[in-house]
Amino acid sequence: MAETDICEAKQLVEGDHDISLSVSCLRGEIAFWQDMIESRSGALPPEATERMRHALALAEKRLSGLHTSRHAA
């Protein structure tokens, strides 16, 4: 979540650079959640792991949406 907040604060530029920054940030967030799930899921309550999986799915959906909108433009 912090990764996304930092990236959203940096998105003051318009155009392709903005989309590239968003893609980079979302890829970083996806890697973060994948790492958290792989390395910590056994030590956490199932509810926490489920929330991490939801956060991962949301980041993947947002990335997919960026790719879709980029190709539509």
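Trp33 is buried, with a relative accessible area of 9%; buried means under 20%, exposed means over 50%, and partly exposed lies in between (1.4 Å probe, protein chains only). This is a predicted model, in which local features need pLDDT of at least 70, side-chain atom pairs count only at pLDDT 80 or more, and totals for chains, interfaces and linings use all residues. Residues are numbered from 1 along each chain as its sequence is written, and side-chain values use heavy atoms, leaving out hydrogens and water.

Now look at Phe32, which is partly exposed at 36%. The structure holds one aromatic pair, and Phe32 and Trp33 form it edge-to-face, at 4.9 Å centre to centre and 70° between the planes. For such pairs, rings of Phe, Tyr and Trp (its six-membered ring) have centres within 6.5 Å; planes under 30 degrees apart are stacked, over 60 edge-to-face, and the rest tilted.

Helices here are DSSP runs (H or I, at least four residues), numbered from the N terminus.

Leaving aside neighbours within four places in sequence, Ala59 is in contact (heavy atoms within 4.5 Å) with Leu26, Glu29 and Ile30. Leu58 sits in helix 3 (residues 46–72) and is partly exposed at 49%.

Terms used: Helix = DSSP H or I, 4+ residues; strand = E, 2+ residues; numbered from the N terminus.
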